[in-house]
Structure formats: structure tokens, C-alpha cells
Amino acid sequence: GLHPAAKWRELDHAEKPRYRAQLDRIRYPQHRNTTAGLHVHVGVDDPEKAVWVSNELRWYLPPMLALSANSPFWDGYDTGLASARAKIFEGLPNTGMPTRFADFEAFERFERRMVETGSIEDRGELWYDVRPHTGHGTVEVRTPDGQSDPAALDAFVEYVHALVTDLATRFEEEAEPTA
């Protein structure tokens, strides 16, 4: 989740125009962001389903973070936290637990408003812990700390995939007319 000894003031940032623009706009919070979270995308074939699944996944995020926590050190110090990454990352705009969206139209309106007001450059800057990713047709979970153990990484990817698949099935079952 965080390099235990990296000094954020001494790090060079990627020079891609996208990242440079974020640094220029967000400034201090983005400069100190040395986090490495695990992002898992799972394809979902319907935008309404993706919003519903994202809303439901919010209940699973706190235990998921607790299970993935492996970043107690930041800037060379023992923070006393299991996931210092989560605390550092929440200092950035558009992060953390998202609100519940009534439907896909409400999510699209929100996304559009954020871009139109200059709060974000594009939808990719909605860095919530879970979101329907309209650009990829996925539900993206961004809660877990990055993992150094490939077996732990695989387990989190499988867990997120299973959760999204299960919730997508529940959505479909609830949407079916009952006799």
C-alpha cells in the first residue's frame, strides 16, 4: 500500500500530462500521495446493474480494507495505523465511500456535473472506493491496499470478482417479475 521508507518530498512524479495537471490542480494533497491501492475491475453488462452493485458493495468495503491492510509505515514512520494508505488517500478529492446513487442516470449526472464544474478533468478522477466505471463497462473496487504477496493479491481479486458476480445475480433475480 505504501513504500515503508519512501520520503514523499523526495519523490519524482510521473510527467504524463494527466498527472502533471492533477499535481497543478490538487497541489499538496496530490504531492504527498505515495499510495498504491489495488484496483479490481469486473465487467458488468448493464449500467443500472453496475450502479446497484456498486451501491451494495459499499457494505463490504470496510472489512475488505481491514483484511487488506498492510501499510503501517509512511514517510519512514510507524503511523500506528494498519492502513496509513487509506488515511493518506482520503486527503484527495473524490475519494472514500461514495454516496448511494438512485440509478445510472443519477450517476451520469453527477459525473457530468463534476467535469462541468472543473472538480475533475474526466470521469477517471472519481477515485471512490467503489464506482461504476462508465468508460470500461465495469464495477471498479479500489479499497484494498496494494499487496506484495501474489497469493494475497489473487485472493482479493477472486473475492471482488465473486462479490460482484453474486450481487449482479441478486440484481437480476430482484428485477425478474414475480407471479
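**Exercise 1.** Determine whether Phe101 and Phe110 are buried or exposed in this predicted model, and classify the pair that their rings form.

*Solution.* Step 1: Phe101 is buried, and Phe110 is buried as well. Step 2: a pair of aromatic rings is described by the distance of the centres and the angle of the planes. Step 3: for Phe101 and Phe110 the centres are 5.3 Å apart and the planes stand at 55°. Planes under 30 degrees apart would count as stacked and those over 60 as edge-to-face, so the pair of Phe101 and Phe110 is tilted. Step 4: Phe101 and Phe110 belong to one aromatic cluster together with Phe107 and Tyr128.

**Exercise 2.** State how many aromatic pairs the whole structure holds, and explain what the pair of Trp52 and Phe171 ties together.

*Solution.* Step 4: both Trp52 and Phe171 are buried.

**Exercise 3.** Describe how α3 and helix α6 (residues 104-116) are arranged and which residues meet.

*Solution.* Step 1: the two axes come within 8 Å and cross at roughly 80°. Step 2: angles of 65 to 115 degrees count as roughly perpendicular, and α3 and α6 are therefore roughly perpendicular to each other. Step 3: Pro47, Glu48 and Val51 of α3 meet Phe104, Glu105 and Phe107 of α6. Step 4: by class, this contact comprises four nonpolar, two charged and no polar residues.

Technical notes: Residues are numbered from 1 along each chain as its sequence is written. This is a predicted model: local features need pLDDT of at least 70, side-chain atom pairs count only at pLDDT 80 or more; totals for chains, interfaces and linings use all residues. Side-chain values use heavy atoms; hydrogens and water are left out. Rings of Phe, Tyr and Trp (its six-membered ring) pair if their centres lie within 6.5 Å; planes under 30 degrees apart count as stacked, over 60 as edge-to-face and the rest as tilted. Helices (H or I, at least four residues) and strands (E, at least two) are DSSP runs, numbered from the N terminus. Buried means under 20% relative accessible area, exposed over 50%, partly exposed in between (1.4 Å probe, protein chains only). Axes are lines fitted to C-alpha atoms, for helices over the stretch in contact, and angles run from 0 to 180 degrees between N-to-C directions. Angles under 35 degrees count as roughly parallel, over 145 as roughly antiparallel, 65 to 115 as roughly perpendicular and the rest as oblique. Contact means heavy atoms within 4.5 Å. Ala, Val, Leu, Ile, Met, Phe, Trp, Tyr, Cys and Pro count as nonpolar, Asp, Glu, Lys and Arg as charged, and the others, Gly among them, as polar.
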